[in-house]
Amino acid sequence: MDGLKRFFQNYGGTLLILAGAFVLYELVTEGLGLLSQVLFPGFSKIGPRLVSSLPKLIDCFFSSMYLLIPTYIVGAVSGVLLGIIIGLRPRLHKSLKPIIFGLSPLPPSMLTPYFIAVMPTFYLSSCGVIFIGVFWPILSGTINGIVMIEQKYLDNAKVLGFTGWKLLFYIIIPAASPMIFAGMGTALNFAFILLGIAEMFATTSGLGYYIQYYADFSDYARVLAGLLFTTVVIVTIMVLFDRLKKKTLFWTINKDMG
């Protein structure tokens with residue numbers, strides 16, 4: 001009961017907003033007929049399509065995760081490692097800073113034709129697009145987290161005998177971890193966006209492909225069912241990431257509460 005009460009305390013407002021959106025959508029579609037029934041079918045049509053498509057949507061989910069998870073991990077590890085190297089070397093950071101500023105804002109989706117032309121498979125070309133979107137935010141977050149560490153803390157740590165790997169793992173990485181996780185959260189958002197784009201144009205499976213496939217046949221009830229399913233997947237993963245972040249950065253939460 002305490003868990004249920006805490007759930008409604010945290011998400012009661014969210015549930016009310018969703019219920020209001022549901023009622024409003026039904027009112028302007030099936031109720032008043034203000035929107036096209038073809039483009040905006042009511043939930044009486046979306047619901048059955050969602051139920052009947054669940055086996056296929058679950059297969060598409062696993063296909064999307066097979067593309068997203070390995071690419072995100074590789075992008076995150078690469079961004080953190082390179083960010084640490086650059087952040088710990090002021091001269092290298094100064095030299096690369098203009099290049100990072102110039103390349104990081106480029107939309108990875110613009111590189112899709114090149115990845116398709118260069119990579120041997122559509123899967124690898126999709127991985128390349130997602131990797132770019134994941135890599136830059138995490139690289140920037142790691143560099144900024146290290147650069148923003150006050151020098152006095154590093155000096156005090158060295159006085160206490162923290163040097164080399166011990167200084168890195170006990171002082172530098174924990175101090176930079178809030179910015180690193182901020183970059184990882186931004187990268188995860190970008191990864192979902194780029195995953196949808198890649199699956200719509202460069203794959204033959206996945207949630208993005210499912211939505212594009214039925215959009216081509218104007219079956220918008222299944223399109224909206226796919227969007228609802230994808231939304232649930234994204235929200236679930238983002239909530240899990242947020243919990244991981246809070247558990248990892250528990251010391252910052254306790255500090256803020258204090």
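Trainee: Which backbone oxygen does the side chain of Thr71 reach?

Mentor: This is a predicted model, in which local features need pLDDT of at least 70, side-chain atom pairs count only at pLDDT 80 or more, and totals for chains, interfaces and linings use all residues. Residues are numbered from 1 along each chain as its sequence is written, and side-chain values use heavy atoms, with hydrogens and water left out. Thr71 lies in helix H2 (residues 43-87). At 2.7 Å, its side chain reaches the backbone oxygen of Leu67.

Trainee: Is Thr71 buried or exposed?

Mentor: Buried means under 20% relative accessible area, exposed over 50%, and partly exposed in between (1.4 Å probe, protein chains only). Because its relative accessible area is 5%, Thr71 is buried.

Trainee: Leaving aside neighbours within four places in sequence, which residues is Thr71 in contact with?

Mentor: Contact means heavy atoms within 4.5 Å. With neighbours within four places in sequence left aside, the residues in contact with Thr71 are Cys127, Ile130 and Phe131.

Trainee: Which residues touch the most other members of the largest nonpolar core?

Mentor: A nonpolar core is a set of buried Ala, Val, Leu, Ile, Met, Phe, Trp, Tyr and Cys residues joined through side-chain atoms within 4.5 Å. The largest such core has 48 residues, and those touching the most other members are Tyr72 and Ile130.

Trainee: Which element gives the largest share of this core?

Mentor: Among the elements giving two or more residues to the core are H2, helix H5 (122-147) and helix H7 (164-201). The largest share, 13 residues, comes from H7.

Definitions and conventions
Helix = DSSP H or I, 4+ residues; strand = E, 2+ residues; numbered from the N terminus. Polar contact = N/O pair within 3.5 Å; in protein donor to acceptor, adjacent residues only side chain to side chain.
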